[in-house]
Amino acid sequence: MSASIENQHYPDTEWGDPHPRREWFHVRQLDPGVHLISEPGHVNSYLVEGSDVAYLLDTGLGVANIRRVAESLSGKPLEVINTHYHFDHTGGNRLFERISIHESGAELLQRPASPETASAYMEYTQRLLEAWVNYKESDDVYFHLLTAERLLRPLPEGFDPSDYQIVPTVPTRLLHDDDVLDLGGRQLRVLHTPGHSPDSICLFDEKNGLLFGGDTINTGPIYAQTDESDLEAFARSTARLADLASSVSRVFVCHFMRMENPPVLLREVADGFQRILDGSATYRRNVDTYNSPVREACFDNFSVFISESAELGD
Ligand SMILES: [Zn+2]
Ligand SMILES: [Zn+2]
């Protein structure tokens with residue numbers, strides 16, 4: 001069967017249409033009381049519910065109303081926890097009254113972001129949609145890896161990319177390392193894991209073995225190339241997570257298409273950062289979201305972007 005078959009031969013399917021109109025958010029229950037709320041190809045947020053309160057872990061890009069989605073999934077009072085201050089995790093914060101972030105992110109969250117960041121991300125979105133056409137067509141014919149939640153969507157109807165703004169917000173509560181948040185019948189422990197950014201946290205539901213990795217753990221490139229990244233802190237933070245691996249059953253991450261991972265990923269990422277620091281990692285050249293050149297340390301299940309100027313090894 002050829003990929004050139006005309007769309008109209010299959011009016012009830014998505015054959016040949018790389019950009020079918022779908023809801024912006026993809027929702028899936030991951031565990032009782034835990035939902036993925038994904039913006040496929042962009043960022044993944046998670047809704048975690050207890051008997052008293054529901055926490056939305058990050059609020060996504062802010063190009064569509066994530067609050068409405070979260071409220072449709074849980075009738076509990078809803079609060080936001082940001083895994084760190086970056087705009088792709090806090091874009092929907094403005095829709096909420098109660099927002100928590102690590103204490104070192106309080107000032108960063110309130111700082112106005114440059115308009116260039118917003119427009120650069122929208123340019124990236126355009127490149128992503130263009131790249132998707134060939135990717136989807138190849139997948140349909142050869143690879144069959146794309147499930148419904150991995151289908152990239154065009155930006156929501158009525159959203160104008162030239163209007164995209166990153167809106168600073170004020171946190172209502174500051175978190176500290178080892179804080180335990182009680183949701184009623186479920187607890188989340190705050191693990192301060194600086195490296196990607198100074199305020200990065202992971203959240204650990206120990207009873208259920210669920211670790212929410214923020215941008216500290218990812219599949220695909222882990223971003224450690226920016227001015228605020230700290231490779232040594234990253235290595236310490238990921239070593240700490242690796243030490244928890246025996247109490248973890250599933251690791252949920254915020255970017256790319258493999259959002260659910262086995263705990264062995266924690267050890268692999270910690271080992272990867274160690275190899276970067278001791279000079280034994282292997283690299284290729286790549287570009288990041290903003291088309292800036294980076295070095296990419298490549299490992300079996302993930303990679304790490306580091307700056308072109310980072311000095312590594314002995
Ligand atoms: Zn980030
Ligand atoms: Zn991110």
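Tyr46, Phe212 and Phe252 form one aromatic cluster. The model is predicted, and a search of the whole structure finds eleven aromatic pairs in it. Besides the aromatic rings, this briefing covers a zinc site, an open sheet and a nonpolar core.

**Aromatic pairs**

- Phenylalanine 212 and phenylalanine 252, both members of the cluster with Tyr46, form a tilted pair, with 5.4 Å from centre to centre and 35° between the planes.
- Phenylalanine 212 belongs to strand E11 (residues 210–212) and phenylalanine 252 to strand E13 (residues 250–252), so their pair ties together parts that are 40 residues apart in sequence.
- Phenylalanine 212 counts as buried because its relative accessibility is 3%, under the cut-off of 20%.
- Phenylalanine 252 is also buried, at 0% relative accessibility.
- The rings of phenylalanine 299 and phenylalanine 302 form a stacked pair, because their centres are 4.9 Å apart and their planes stand at 20°, which is under the 30 degrees that stacking requires.
- Phenylalanine 299 is buried at 15% relative accessibility, and phenylalanine 302 is buried with a relative accessible area of 4%.

**A charge over a ring**

- Arginine 295 lies over the face of tyrosine 283, at 5.4 Å from the ring centre.

**The zinc site**

- Asp88 (OD), His89 (NE2), Asp215 (OD) and His255 (NE2) coordinate the zinc ion (ligand 2), at 2.0 to 2.5 Å.
- In sequence, the donor residues of this zinc ion (ligand 2) follow the spacing D-H-x125-D-x39-H.
- Aspartate 215 bridges the zinc ion (ligand 2) and the zinc ion (ligand 1), and the two ions lie 3.3 Å apart.
- Aspartate 88 in helix H2 (residues 87–90) and aspartate 215 in the loop between E11 and strand E12 (221–224) are 127 residues apart, and this pair links distant parts of the chain.
- Both of these aspartates are buried: aspartate 88 has a relative accessible area of 10%, and aspartate 215 has a relative accessibility of 6%.

**The open sheet**

- Six strands make up an open sheet with mixed pairing, in the order E8-E9-E10-E11-E13-E14.
- Strand E8 (180–182) and strand E14 (260–261) stand at the edges with a single partner strand each, so one side of each has no neighbour in the sheet.
- Strands E11 and E13 run parallel and are joined by three bridges.
- Leucine 210 stands opposite arginine 250 in E13.
- The tilted pair of phenylalanine 212 and phenylalanine 252 belongs to these two strands, with phenylalanine 212 in E11 and phenylalanine 252 in E13.

**The largest nonpolar core**

- The largest nonpolar core has 33 residues, and Ile37, Leu56, Leu61 and Tyr164 touch the most other members.
- At least two residues of this core come from each of strand E3 (43–49), strand E4 (54–57), helix H1 (66–73), strand E5 (78–81), strand E6 (99–102) and helix H4 (115–143).
- H4 gives the most to this core, with seven residues.

Conventions: Residues are numbered from 1 along each chain as its sequence is written. Chains are lettered from A and ligands numbered from 1 in the order in which they are written. This is a predicted model: local features need pLDDT of at least 70, side-chain atom pairs count only at pLDDT 80 or more; totals for chains, interfaces and linings use all residues. Side-chain values use heavy atoms; hydrogens and water are left out. Rings of Phe, Tyr and Trp (its six-membered ring) pair if their centres lie within 6.5 Å; planes under 30 degrees apart count as stacked, over 60 as edge-to-face and the rest as tilted. Helices (H or I, at least four residues) and strands (E, at least two) are DSSP runs, numbered from the N terminus. Buried means under 20% relative accessible area, exposed over 50%, partly exposed in between (1.4 Å probe, protein chains only). A charge sits over a ring if NZ of Lys or CZ of Arg is within 6 Å of the ring centre and within 35 degrees of the ring normal. Donors are N, O and S atoms within 2.8 Å of the metal (3.2 Å for Na, K and Ca); water is not among the atoms, so sites may look incomplete. Two strands pair if DSSP finds at least two bridges between them. A nonpolar core is a set of buried Ala, Val, Leu, Ile, Met, Phe, Trp, Tyr and Cys residues joined through side-chain atoms within 4.5 Å.
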